[in-house]
Amino acid sequence: MDPVEVKIENDSIDFEMRVYEGRPATINEVNIVGNTRVYEHVVRRELYTKPGQLYSQSDIMRSLRELAQMGHFDQEKLVPDISPNPDNGTVDITYQLETKSSDQIEFSLGWGATGLVGSLGLKFSNFAIQNLFNPKSYRIVPQGEGQTFSINARTNGVYYTSASISFLEPWLGGKRPNSLSASIYFASQTGYSQRYLKAYNSLYSTYYQNYSSYYGSGYNDYYQQLQEQEADPDKYLRTFGVSIGYGKRLHWPDDYFAFYGELSYQLYMMHDWPYMILTDGNSHNLALTLNLSRNSIDNPIYTRRGSQFSLSLKITPPWSLMNGKDYSMMTMQERYKLLEYHKWKFTGKVFTPLTKDSKLVLMTRAEFGYLGHYNIYAKSPFETFYMGGDGMSSYSSYSTEYISMRGYQSGSLTPFDPVTGRNSGYVYNKYTMELRYPISLEQNATIWVLGFAEAGNCFANLKDFNPFDLKRSLGLGVRIYLPMFGLMGIDWGWGFDKINGTDQYGKSQFHFVLGQEL
């Protein structure tokens, strides 16, 4: 670029900036500095800048995004050093990285109707299964390959126990970003104490007073059945499940898209269990999940820009259409021996920076879920939606999906379904606007405050679904992300609307966040 004087008049000078386009610069060297946690080939495979390619600023920005998504480096300090050499038309790129720990430990205690419930979870996000027999790579577990290994356990010592193990390989074979995941879990709820039954019946006594006029005789029968229960150590609900999944990054419509498929199997074992429509027997849940997603967010912790969209279908074989049996004449054990359903879900989130420094961020989100059936007499009592509150269960439940709705009590927006005779949601929709501002973006603690507005509802069947029949809430909250413990926070919300069929409003509610986004 050469400045040329084209006019001089009094105390003013006009310059003409003459720009000459040079040869496109070719990348010569790509250096990585500061990485002490992950094997270098694991970092390099995420980069979009390769030696020999033409220099592109968009490739630099995309590489920084992928490094941030790995979770092993401080996202706020990802600044590349770009050194051009005009003499030979090349450029050297150095990525200055600051390693951070992304392993997490979860330890929590809670008090419920059955007493004290404790949970312990360990997540190793830089696992290396290839190094199992290489003791030098161990930091508690073998590390270096960027795999994820998680183990979780929860119990109250007497009535409830669960355990799960999962593994994720993000680059199967090491050459392409095709992922392989696997998990196995077991949960058991057994005989109730008199104290638990007293607390449980007290809860449903409140529900009965609120809902009996709205739900009619079906709820009356349900409440009466609960009142008659007695403590019995032989009663139980046990769940065993395994899954294996395969994911692939796509190049069309663009390379932010990904496809994921998972084959899963759950076995539900029940004996004299009054809180499900099937009180005795086994239910088998063999399902295939297909998920198409697009993720272009810039930072997985405090996101400033980008979007996330996900469309999924979880489907079982249509057993009732294949076996030709009359399900209306079957017993509960026969009807639900092989579960059948098709479950559709959509989630979309968009992050928009509102200030030049991109600190004040608006997050907008929309969700929709529908659990369908092939045969009304085989309508699944499992995989239903349970809406309201913080979206977290006191116990790990593999038969129900918990949907948060701040400003309302846990599960209070879940309708009563006369077909199954239980509180079961088969359709839901939810909309959220959240304004976020960071207090700290340091590596050791990321903290932000937020204000939110939410609207949503849950329905017992598709014919009752009304996308404009919404329960609304407003509130404030705070989030803290600690590398060792993950995401934590608390929200206060105010529910403005009446709960279906009652005179009860959501009003003031506090909600706790642990490891998940509401």
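In this predicted model, Pro 253 lies in the loop between β13 (236-249) and β14 (257-271). The peptide bond that leads from Trp 252 into Pro 253 is cis, and its omega is near 5°.

**Backbone features in loops and strands**

Ile 140 belongs to the loop between β8 (138-139) and β9 (141-142). Its relative accessibility is 75%, so Ile 140 counts as exposed. Lys 507, likewise not a glycine, has a positive phi of about 55°. Lys 507 is placed in strand β27 (residues 505-514). With a relative accessibility of 45%, Lys 507 counts as partly exposed.

Strand β4 (residues 79-85) and strand β5 (residues 90-96) run antiparallel and are joined by seven bridges. Across this pairing, Ser 83 stands opposite Asp 92 in β5. Four residues lie between the strands of the β4 and β5 hairpin, where Gly 89 takes a positive phi near 70°.

**Salt bridges**

The count of salt bridges in the model comes to 25. Three of these pairs are set out below, each with the distance between nitrogen and oxygen.

| Glu 383 | Lys 314 | 3.1 Å |

The salt bridge between Glu 383 and Lys 314, with its closest N and O atoms 3.1 Å apart, links distant parts of the chain, as the two residues are separated by 69 residues. Glu 383 sits in the loop between β18 (361-372) and β19 (384-387), while Lys 314 is in strand β16 (residues 306-315). Glu 383 and Lys 314 are both buried.

Are the two partners buried or partly exposed? Asp 497 is buried, because its relative accessible area is 14%, under the 20% limit for that class. Arg 472, by contrast, has a relative accessible area of 45% and is therefore partly exposed.

Salt bridges with shared partners also join residues into one network, made up of Arg 365, Glu 367, Arg 406, Lys 430, Glu 434, Arg 436, Glu 454, Arg 479 and Asp 491.

**Cavity and pocket**

The model has one cavity of 30 Å³ or more. The largest cavity has a volume of about 100 Å³. Its lining is formed by 13 residues, and those nearest its centre are Gln 75, Lys 100, Ile 301, Glu 442 and Thr 446.

The second largest pocket has a volume of about 380 Å³. This pocket is lined by 15 residues, with Met 61, Leu 64, Arg 65, Gln 75 and Asp 298 closest to its centre. Helix α2 (residues 57-70) supplies the largest share of the lining of the second largest pocket, namely four residues. Gln 75 is named both among the residues nearest the centre of the cavity and among those closest to the centre of the pocket.

Gln 443 is located in the loop between β23 (427-442) and β24 (445-459). The C-alpha atoms of Gln 443 and Glu 76 are separated by 7.9 Å, although the two residues are 367 residues apart along the chain. Gln 443 has a relative accessible area of 23% and is therefore partly exposed.

**A nonpolar patch on the surface**

Which residues form a nonpolar patch on the surface? The patch consists of Phe 107, Leu 120, Leu 122, Ile 151, Ile 165, Ile 184 and Val 242, which together have about 560 Å² of accessible area. Among them, Leu 122 is found in strand β7 (residues 115-127). Leu 122 counts as partly exposed because its relative accessibility is 30%.

Key: Residues are numbered from 1 along each chain as its sequence is written. This is a predicted model: local features need pLDDT of at least 70, side-chain atom pairs count only at pLDDT 80 or more; totals for chains, interfaces and linings use all residues. Side-chain values use heavy atoms; hydrogens and water are left out. Patches are made of residues with over 30% relative accessible area and no salt bridge: like charges are joined within 9 Å, nonpolar side chains (Val, Leu, Ile, Met, Phe, Trp, Tyr) within 5 Å. Accessible areas come from the Shrake-Rupley method with a 1.4 Å probe; for residues, only the protein chains shown count as cover. A salt bridge is a side-chain nitrogen of Lys or Arg within 4 Å of a carboxyl oxygen of Asp or Glu. Buried means under 20% relative accessible area, exposed over 50%, partly exposed in between (1.4 Å probe, protein chains only). Two strands pair if DSSP finds at least two bridges between them. On a 1 Å grid over the protein atoms alone, a cavity is a set of points where a 1.4 Å probe fits but cannot get out, and a pocket is an open set with protein on both sides within 12 Å along at least five of seven lines; lining residues have an atom within 4 Å of a point. Grid points are joined across faces, edges and corners, and a volume is the space filled by probe spheres set on the points.
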